[in-house]
Amino acid sequence: MNQVITAPINTGITVQFDQPIAPASVSATAFRVFGRWSGPMSGTITYEDNNQKLVFTPSGTFIAGEFINVMLSRDIATSGGETLPAGYAWGFWARTAPGILDQPFDYQVNLRLAGEFTLQTYGAYAGDLNNDGFSDLTVVNETSDDLRILLNDGFGQYSDFEIIPMGSSTPSPSEGGDFNNDGEIDLVVTTAWDNQIRTFVGHGDGTLTDMETYYNGDGARGVAVLDFNGDGWDDFFIVNRLSSDLTLMTNNGDGTFSVADDNTDAMGETAIMAADANQDGITDLFVAAYYSNEVLLMVGDGEGNFSISDRTDVAGQPWMISAGDYNGDGFVDIASANSSGNSISIVFGDGDGGLNEAATFTATNINFPLALDAGDIDGDGDLDLATSNYGSATFTIFENNGLGQFTAAATLNAVQLSSCAILHDRDNDGDLDITGTDEGADAIIFFINPNTPVSLPEMPVVPEALTIFPNPFSSTTTFSGNWPVQGRLVITNVLGQVIRDYAHPLGNVTWDGRDGNGHSMSAGLYFVHSVDGAGRVTGMGKVEKMGE
């Protein structure tokens, strides 16, 4: 399911091997799952087909719209004792409910304290730092050289923040990982105009401590976190614009790192993404070069070694890139924010280690786009894009037609200097909200996707407290159960859209297969949820409607 965009948020993960494996070799470091915002995912592992099939059932749910990486280390062995020849990894997206692209302004948080002047708020990492299931924000400030942690209040709101000083450099992009394999989100922060890299240890309570500083090439900007050498521990790559090189920080097996330099033969490496570009299950690298206006693909061997396989020009100096399957062919593509070209480019991968010619898209209000993020904002099953336009103080929302063709669908306003856009379901209602940072006003600007009234988890079986008969049904079906006082009975489709909402039902409820407006629903699978007065789901089940 590499690059699938519509995986359920409680999806199981299946790995099919070509011969029986030894379950004892599948340790907590040998098989790992990491959601970009939800963090390390625990769960149970079972085996089928004479130990040739590994089935992972997550203990919780992923956050809607996030990207999830699955990693296998070289320690996994066959029943005969032969280990995997390389480390393997792939990724997919948790699906989102339908939403809107032109999102209204919700509210704004100003980060300057009394007496403070310029912070230069650049971007934010939206990982769940305190394990409450909601996306928190760790904001990087370049001039004040600090992090500011804003914890989600459980309703998608942020107010107070903790300040973590870092020194006297220029922190810029940041990314999460689990560097010490303790099951909690850790953080790496680069320095845009310096040669430092900082790592922080997360404790699962919303705190980041124990800063370690490493030194590398000059102008450390983009960062990609993954297990690049297949040893079961997260490493990270840094691209250095000023020294025009890459730095691979290899994990020592304890959350500390050693430096190994690399080179792309490009000019001004600025952004980097890790994904499997040639369908061999091994992680590759996409690198954007600012001064040579190009995107390069470096193919990996699963042991931490990479070689250039292709390169292509983009329409301007790329500042940030984002990886995903933008045209629905199952192969990884790259979206580039072209800062000097006032445009975005999509570089389509051919699935065989090659890059096709870039397609370029622009819009009226784009001026100096320096950042972008990808996600299925409207919930139609393809990846849309949000760019941050530094020169015009706007965010442009590009709609994907499913074939990798993008049209500017909305323009959202910043205050002074829009720096980054983050796509995350901050209120856990199943759709993607847009969060923007403004490095002139030193503010976080929250836009809201209001299109999904409720978000309800799925359940594969019907609990005893809720019965459905007949199931499947053609004309009517009846739901029976002990409804909670002041409760509701809610019917949704597979995308989480509310089809029918019965307020305070008494006794049995009969559904005629129609929505609240009297329109007959098409044949397919639906979910029925018993919800109490506090919004908690107390009973769930599946119901199938047949054709009439």
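Biologist: Buried or exposed, which is it for F179 and F236?

Modeller: Both F179 and F236 are buried, where buried means under 20% relative accessible area, exposed means over 50% and partly exposed lies in between, for a 1.4 Å probe and protein chains only. Please keep in mind that this is a predicted model, in which local features need pLDDT of at least 70 and side-chain atom pairs count only at pLDDT 80 or more, while totals for chains, interfaces and linings use all residues. Residues are numbered from 1 along each chain as its sequence is written, and side-chain values use heavy atoms, with hydrogens and water left out.

Biologist: How many aromatic pairs are there?

Modeller: The count comes to 23 aromatic pairs, if rings of Phe, Tyr and Trp (its six-membered ring) pair when their centres lie within 6.5 Å, with planes under 30 degrees apart called stacked, over 60 edge-to-face and the rest tilted. One of them joins F179 and F236, a tilted pair with 5.8 Å from centre to centre and 50° between the planes.

Biologist: And where do those two sit in the chain?

Modeller: F179 lies in the loop between β13 and β14, whereas F236 is in strand β18 (residues 235–240), so the pair ties together parts that are 57 residues apart in sequence. Strands here are DSSP runs of E with at least two residues, numbered from the N terminus.

Biologist: Why is the pair of F368 and Y390 edge-to-face?

Modeller: The ring centres of F368 and Y390 are 5.3 Å apart and the planes stand at 65°, so the pair counts as edge-to-face. This pair also links distant parts of the chain, with F368 in the loop between β28 (359–361) and β29 (369–375) and Y390 in the loop between β30 and β31, 22 residues apart.

Biologist: Let me switch to the strands: how many residues of β31 are buried?

Modeller: Strand β31 (residues 394–400) is mostly covered, as six of its seven residues are buried.

Biologist: Which strands does β31 pair with?

Modeller: Two strands pair if DSSP finds at least two bridges between them. Five bridges join β31 to strand β30 (residues 384–389), running antiparallel, with L385 opposite F398 in β31. On β32 (residues 406–413), also antiparallel, seven bridges connect to β31, and A410 in β32 is the bridge partner of I397.

Biologist: What do the turns look like?

Modeller: The hairpin of β30 and β31 has four residues between the strands, and A393 in the turn has a positive phi of about 55°. In the hairpin of β31 and β32, five residues lie between the strands and G402 takes a positive phi near 95°.

Biologist: Back to β13 and β14, what is the strand order in that sheet?

Modeller: The order is β13-β14-β15-β16, in an open sheet of four strands with antiparallel pairing. β13 (171–177) and β16 (208–215) stand at the edges with a single partner strand each, so one side of each is left without a neighbour in the sheet.

Biologist: How many bridges join β14 to β15?

Modeller: Four bridges join β14 (residues 186–191) to β15 (residues 196–202), and V189 has R198 in β15 as its bridge partner.
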